[in-house]
Amino acid sequence: DLLNEIVTGYDIGDSLAEKINRKDNFFTQLQITAPDLFAFRAQSRKTKTNILGTFSSGSDKVDINYELLKKQYDGIFDTDGKLLYDRETRGLVYSYFYRNEFLVMDSRLKLLRTLHTIDTVTKAQVKTANLADGRHKLAAPPLMVNKNMEVYNNILLVESNLKGKFESDKIWDNASVIDIYSTKEQSYLG
């Protein structure tokens, strides 16, 4: 199991496992891409926006990519999404919550392609308010496009949060709608 390998080669219950300390670096999401390689999402202290990065447990070097997540408004709420790891392809996918877009990357965050879901929401519909202390918060609930996502073997499964044109209210009351996409090309599979 990959999780057992990640703790520097020891079993989870082994007392010889080591804690990885990244000083004052924090993340909001983490994916294990190899026994000693991690991909993460964090908020940049420099830009105050969401960023993606990687680090290795055997090195103090942290690689940050400031360009992957495309800011539309504030760079925090509009770039919110889920970082996924495809164990079969050893690649990463980042799917936005509030727009119809997902990024397909290799394990080192090299962008391979930008693809879209069938929803028509291309711009995140978020409204923010600035607080007196400089922070900002959501002023109104955003329109969530993609509720949840998982990836497996070049297939992205997206739990849609928006009812399709030909979907009945009865279906939406009793079930979740899962859209299926290829991560190899722009292709809606069902």
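**The sheet and its surroundings**

Modeller: Val93 has Val104, in strand 7, as its bridge partner. Residues are numbered from 1 along each chain as its sequence is written, and side-chain values use heavy atoms, with hydrogens and water left out. This is a predicted model: local features need pLDDT of at least 70 and side-chain atom pairs count only at pLDDT 80 or more, whereas totals for chains, interfaces and linings use all residues.

The bridge belongs to the pairing of strand 6 (residues 91-96) with strand 7 (residues 101-105), which is antiparallel and runs over four bridges. A strand here is a DSSP run of E with at least two residues, numbered from the N terminus along with helices (H or I, at least four residues). Two strands count as paired if DSSP finds at least two bridges between them. Strands of a sheet pair through backbone hydrogen bonds, either parallel or antiparallel.

These strands are part of an open sheet of four strands, in the order 5-6-7-8, with antiparallel pairing. At its edges are strand 5 (81-86) and strand 8 (111-116), each of which pairs on one side only. From one strand to the next, the twist averages 20 degrees; axes are lines fitted to C-alpha atoms (for helices, over the stretch in contact), and angles run from 0 to 180 degrees between N-to-C directions.

Between strand 6 and strand 7 is a loop, and Arg99 lies in it. Arg99 counts as buried because its relative accessibility is 2%; buried means under 20% relative accessible area, exposed over 50%, and partly exposed in between (1.4 Å probe, protein chains only). A polar atom of the Arg99 side chain lies 3.0 Å from the backbone oxygen of Asp78.

Not counting residues up to four places away in sequence, Leu156 touches residues including Leu84, Val93, Phe102 and Met149.

Charged side chains come last. A salt bridge is a side-chain nitrogen of Lys or Arg within 4 Å of a carboxyl oxygen of Asp or Glu, and the count by this rule is six. In one of them, Lys82 meets Glu150, with the closest N and O atoms 2.9 Å apart. Lys82 is in strand 5 and Glu150 in strand 11, so this pair ties together parts that are 68 residues apart in sequence. Glu150 is partly exposed, because its relative accessible area is 43%. Glu159 and Lys147 form another salt bridge, their closest N and O atoms being 3.9 Å apart.

Definitions and conventions. Contact means heavy atoms within 4.5 Å. A polar contact is a pair of N or O atoms within 3.5 Å; within protein, one must be able to donate a hydrogen and the other to accept it, and residues adjacent in sequence count only if both atoms are side-chain atoms.
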